[in-house]
Amino acid sequence: MRSIWRKSGTTDISEIAYAILEQDGKLSLLERAQNGATEHGMAHALILDGVVQLDNAAHLGITIAEITSLAKEWGHVPEEVFLLQKDDAGTVLCIPKERI
């Protein structure tokens, strides 16, 4: 039986940055960037629909105060944010909730 990473075309598990179990039960593999390539890595949701995601914050070593500060840099408080994410390269994206 072939290993999952070999099925993806990767022969060395150290080349895998992330393995994600999808809802359909399949495993998705994200390889590390090759030398000289820009690597953004995985994007981690820090706020989803106004709620700070404590597990993701802990994974990145970010405090609630730092997440609040990131939201403020985009002109919002956490409760006003639909999605605030940060990738492994430090790139931040903030999408505010739509006002009705």
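Two strands count as paired if DSSP finds at least two bridges between them, and strands (E, at least two residues) and helices (H or I, at least four) are DSSP runs numbered from the N terminus.

This is a predicted model, where local features need pLDDT of at least 70, side-chain atom pairs count only at pLDDT 80 or more, and totals for chains, interfaces and linings use all residues. Residues are numbered from 1 along each chain as its sequence is written, and side-chain values use heavy atoms, with hydrogens and water left out.

**View 1. The β3–β4 pairing.** Ile-47 has Val-52, in β4, as its bridge partner. β3 and β4 run antiparallel, joined over two bridges.

**View 2. The open sheet.** Four antiparallel strands line up as β4-β3-β5-β6. β4 (51-52) and β6 sit at the edges with a single partner strand each, so one side of each has no neighbour in the sheet.

**View 3. The largest nonpolar core.** Eleven residues make up this core, among them Leu-46, Ile-47, Val-81 and Cys-94. A nonpolar core here is a set of buried Ala, Val, Leu, Ile, Met, Phe, Trp, Tyr and Cys residues joined through side-chain atoms within 4.5 Å; buried means under 20% relative accessible area, exposed over 50%, and partly exposed in between (1.4 Å probe, protein chains only). β3 (43-48), α3 (64-73), β5 (81-87) and β6 (92-96) each give two or more residues, and α3 gives the most, with three.

**View 4. Around Cys-94.** Skipping neighbours within four places in sequence, Cys-94 is in contact (heavy atoms within 4.5 Å) with Trp-74, His-76, Val-81, Leu-83 and Leu-84.

**View 5. Leu-54 in helix α2.** Leu-54 belongs to α2 (residues 54-60) and is exposed, at 52% relative accessible area.
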